[in-house]
Amino acid sequence: MAVNNVKEIEDLVKIVSKLPGLGPKSAKRIVLKLVNNREELIKPLTNTLAQVYKNVIRCKICGNLKSTNSDCVCLSKKYDQICVVETIADMWVIQNTGIYKGHYHILGGTLPSFESKNIGNGLLIESLVNRVKKNSVKEVILATSASVEGETTSHYISDCLKDTKVKITRLARGVPVGGEIEFLDDGTLHSAFKNRNSVNSD
Ligand SMILES: [Zn+2]
């Protein structure tokens, strides 16, 4: 492809090929498309990226993405269900199934499997407990992955929520072991949600 030897182009190809699902070949095709459409693509893309860089941050309360120009969804009206996920990608997968339309809490990862007491790793667990208390939430749905780390994390969260009396449920184990939410198909997720089990059964 004739995009070689121009440093700016090579730099851009390098960056674009770091995006998920793209290798050097498709990155070159994208860059070529961009340089051939300066006004229609490069200009608005540059502006939009600058806006995202400047204004989009992760909410310190719920872990979701928010704009610095407006309040996060977690501060909006009352809600009584929270679905706890590891990552934003997991949330998007569940949202796409349409089975759950309530609020989310994005932990930002999992606890390490062995030192469950080591919680100084930036997971948004304390703020989850605060949300539950503040909004009189009735159900917390734990949708962490079916890995050792996911299980450890969900046990730890149940422990932290003990005093709140909130009902805690966990996605049904139709999820394959080690199964990460992000890669589950719609059908599996649907039944895992529908048949979710109570963790604190009383
Ligand atoms: Zn938030």
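Which protein donors does the zinc ion have? They are Cys59, Cys62, Cys72 and Cys74, each through its SG atom, lying 2.3 Å from the zinc ion. A donor here is an N, O or S atom within 2.8 Å of the metal (3.2 Å for Na, K and Ca), and water is not among the atoms, so sites may look incomplete.

Before going on, a word about the model. It is a predicted one, where local features need pLDDT of at least 70 and side-chain atom pairs count only at pLDDT 80 or more, while totals for chains, interfaces and linings use all residues. Residues are numbered from 1 along each chain as its sequence is written, and side-chain values use heavy atoms, with hydrogens and water left out.

Back to the zinc ion. Its four donor atoms subtend angles of 99 to 113°, so the arrangement is tetrahedral; for four donors, that label asks for all angles between 85 and 135 degrees. For four tetrahedral donors, the ideal angle is 109.5 degrees. Along the sequence, the donor residues follow the spacing C-x2-C-x9-C-x1-C. Cys59 sits in the loop between β1 (56-58) and β2 (65-67), and Cys74, 15 residues apart from it, in the loop between β2 and β3 (81-85), so this pair links distant parts of the chain. Helices (H or I, at least four residues) and strands (E, at least two) are DSSP runs, numbered from the N terminus. Cys59 is buried, at 6% relative accessible area, and Cys74 is buried at 6% too. Buried means under 20% relative accessible area, with a 1.4 Å probe and protein chains only.

Now, what lines the largest pocket? Look for Leu12, Ile15, Val16, Leu19, Leu34, Ile42, Leu45, Thr46 and Leu49. A pocket is an open set of points on a 1 Å grid over the protein atoms alone, where a 1.4 Å probe fits, with protein on both sides within 12 Å along at least five of seven lines; lining residues have an atom within 4 Å of a point. Two elements, α1 (7-16) and α3 (38-55), each give two or more residues to this lining, and α3 gives the most, with four. The lining has eight nonpolar residues, one polar and no charged.

Finally, let's zoom out to the chain. There are seven helices and seven strands, in the order α-α-α-β-β-β-α-β-α-β-α-β-α-β. Of its 202 residues, 38% count as buried.

Terms used:
Tetrahedral: all angles 85-135°; square planar, octahedral: opposite > 155°, others 65-115°. Buried < 20%, exposed > 50% of the residue type's maximum accessible area, 1.4 Å probe, protein only. Nonpolar A, V, L, I, M, F, W, Y, C, P; charged D, E, K, R; others polar.
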